[in-house]
Amino acid sequence: FLGSNIQLLGLQLTDAARAGFIVQLTTVLVPLAEALLLRRALPPRLWAAVAAATAGIAQISVLGGAASGDPRGDALVAASAVMYTAHVVRLGEFAAALPALGLAKAKAAAQLALNVVTLGALQAGGGVDLGGWAASLTPAEAATLGGVCLWNGLVPSAFTTWAQSYGQSAVSPTAANVLYSLQPVTNAAIA
């Protein structure tokens, strides 16, 4: 919840390509956290994979012509990377002992509750008007919005949360994060 929302705030202030590189700092932060906080010795081949993933992310994101960003946005995106790192490392501790579906349901429920509370607080404080824009939607726009919400709720949210929980029951946080670092490559291939 916090990582996603802080990243969104950062994206308002910095270039998306630059933010994409900064958030992939998790590729370095996860093995550091796993080695230092959990006192795990990581094999040299895993450190080599981390170095290769970091070099690839730099090549695509920074050397590929990413525009400069606002340091405040960069800092917010870096803070989100720290929060994502904490999530990956903690999930690595619990994923093998708990059912993946249960972990995914708990995460989704917590995110929903925190988002509802946040939107309620913003509405009450005058920071956002939830009723104004929703009342102006046409039926076709409402149907499209419903479809987008359904897709985003099921595929990039529910499925990936379950898949991450399931996958991390079998691999270390560092190995999982090296796989996550392929996201910019996948995005480029799809684009």
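Helices here are DSSP runs of H or I with at least four residues, numbered from the N terminus. The model is a predicted one, in which local features need pLDDT of at least 70 and side-chain atom pairs count only at pLDDT 80 or more, while totals for chains, interfaces and linings use all residues. Residues are numbered from 1 along each chain as its sequence is written, and side-chain values use heavy atoms, with hydrogens and water left out.

**Helix 3 against helix 5.** Select helix 3 (26-36) together with helix 5 (residues 71-94). Their axes, which are lines fitted to C-alpha atoms over the stretch in contact, lie 9 Å apart at an angle of about 45 degrees, on a scale running from 0 to 180 degrees between N-to-C directions. That makes helix 3 oblique to helix 5, because angles under 35 degrees count as roughly parallel, over 145 as roughly antiparallel, 65 to 115 as roughly perpendicular and the rest as oblique. Show the side chains of Thr26, Leu29, Val30 and Ala33 in helix 3, which meet Ala81, Val82, Tyr84, Thr85, Val88 and Val89 in helix 5; contact means heavy atoms within 4.5 Å.

**Helix 3 against helix 9.** Thr26, Thr27, Val30, Pro31 and Glu34 in helix 3 meet Pro173, Thr174 and Asn177 in helix 9.

**Valine 50.** Next, select valine 50 in helix 4 (residues 44-61), which is buried at a relative accessible area of 5% (buried is under 20%, exposed over 50% and partly exposed in between, with a 1.4 Å probe and protein chains only). Leaving aside neighbours within four places in sequence, valine 50 is in contact with Thr27, Val28, Pro31, Thr174 and Val178. The C-alpha atoms of valine 50 and proline 31 are separated by 8.1 Å, although the two residues are 19 residues apart along the chain.

**The salt bridges.** How many salt bridges does a search of the whole structure find? There are two, a salt bridge being a side-chain nitrogen of Lys or Arg within 4 Å of a carboxyl oxygen of Asp or Glu. Select Glu34, Arg40 and Glu93, which are linked in a network. The closest N and O atoms are 3.1 Å apart between glutamate 34 and arginine 40, and 2.3 Å apart between glutamate 93 and arginine 40. Glutamate 93 lies in helix 5 and arginine 40 in the loop between helix 3 and helix 4, so this pair ties together parts that are 53 residues apart in sequence. Glutamate 34 is buried at 2% relative accessibility, whereas arginine 40 is partly exposed at 31% and glutamate 93 is partly exposed at 33%.

**Glutamine 168.** Glutamine 168 is buried, with a relative accessible area of 2%, and its side chain reaches the backbone oxygen of valine 88 at 3.0 Å.

Notes: Helix = DSSP H or I, 4+ residues; strand = E, 2+ residues; numbered from the N terminus. Polar contact = N/O pair within 3.5 Å; in protein donor to acceptor, adjacent residues only side chain to side chain.
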